[in-house]
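Work through the following exercises with the sequence and the coordinates at hand, and try each task before reading its solution.

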Amino acid sequence: MNDGRQTIDYGPRRKVLVLHDAEALAQAAAALVAETTIDAVALRGRSTIALSGGSTPKRMGELLAEAPFRDRLPWDRLHFFWGDERWVPLDDPESNAGTAKRTFLDHVPLPPNNVHPFPTHLSSAHAAAVAYQDEIASTLSGGGGTPPRFELILLGMGDDGHTASLFPGTDALHERESFAVANPVPKLGTTRLTLTLPILNAGRTVAVLVGGAGKAEILAAVLDGPEHPDDLPVQSIRPIDGALRWLVDRAAAKLLAAARPADG
Ligand code: 6PG
């Protein structure tokens, strides 16, 4: 396929797919969702997907709700969760789950019980995190003690190197027992809900979607620079027995050492 894409190999299980632009990035992300879920359903009868928040996955969601993806996905065998959430009601424009529902999940033949948002209607962010951990454990297989395994985890990356709501210098970065926690984020002046590294790194396929020139500097620091996971939390995303895929557009990749020149 000569659509201008480039694959950069960063070693075991870490491949960076550079797509031409934001639309190609969204198309590749939608194709990854389709590919991993169809495989999972064939092998294990269903698929469990943790979606990221933020703006990058919006176009991917729109593509999943229209042909050909809408007709290809076995929606009744899919379960959707979120890697993180803001401490807001579902109908708040800031809600990651609310945005995904409004963008695509409410427009595809997905059984309502297969959509698992963080329960942000509960009395506290901590209670919501505890309840979410229970919902994950009861929905996913994983066995006692070992983190349940999502078939696919989609993540974004902020311009400070955060992923999910694992922000630099925050407590959740060091959580190794709970799968879901309430994470105070002083720089935002709020508490976020987030999955933690044990369950994120248990994913069978973990894909980080990064687009736009504004992410070029941080992406080069994360991929080409030294390891400083406390300062660059996304560097801690290293699936233990799964595949890590970076899907980035050329604008975000322009400072990567191995990226083709822009006119290439
Ligand atoms: C959130 C996210 C967060 C997001 C990154 C990238 O709730 O905001 O889950 O981790 O993925 O901040 O956001 P953009 O895609 O908007 O750049």
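## Exercise 1: contacts of the ligand

Solution. Begin with the backbone, where an N or O atom of A164 lies 2.6 Å from an oxygen atom of the ligand, a polar contact being a pair of N or O atoms within 3.5 Å. Then consider the surface: the ligand taken alone exposes 410 Å², of which the protein buries 88%, with accessible areas from the Shrake-Rupley method and a 1.4 Å probe.

The model is a predicted one, in which local features need pLDDT of at least 70 and side-chain atom pairs count only at pLDDT 80 or more, while totals for chains, interfaces and linings use all residues. Residues are numbered from 1 along each chain as its sequence is written, and side-chain values use heavy atoms, with hydrogens and water left out.

## Exercise 2: the shell

Task: state which residues come nearest to the ligand, and how the shell divides by class.

Solution. Around the ligand there are 15 residues, of which T56, D84, R86, A164 and K215 come nearest; a residue counts as near if one of its heavy atoms lies within 4 Å. By class, the shell has two nonpolar, nine polar and four charged residues, where Gly is counted among the polar ones.

## Exercise 3: the pockets

Solution. First, the ligand takes the space of the largest pocket (more than half of its atoms lie within 2 Å of the grid points). A pocket is an open set of points on a 1 Å grid over the protein atoms alone, with protein on both sides within 12 Å along at least five of seven lines, and lining residues have an atom within 4 Å of a point.

Second, the largest pocket holds about 430 Å³ of space, and its 30 lining residues include G53, G54, S55, T56 and K215 as the closest to its centre. α1 (22–44) and β5 (84–86) each supply at least two lining residues, and α1 gives the most, with four.

Third, the second largest pocket holds about 270 Å³ and is lined by 14 residues, with L17, L32, E35, R245 and L247 nearest its centre. Here too α1 gives the most to the lining, with five residues.

How values were computed: A polar contact is a pair of N or O atoms within 3.5 Å; within protein, one must be able to donate a hydrogen and the other to accept it, and residues adjacent in sequence count only if both atoms are side-chain atoms. On a 1 Å grid over the protein atoms alone, a cavity is a set of points where a 1.4 Å probe fits but cannot get out, and a pocket is an open set with protein on both sides within 12 Å along at least five of seven lines; lining residues have an atom within 4 Å of a point. Grid points are joined across faces, edges and corners, and a volume is the space filled by probe spheres set on the points.
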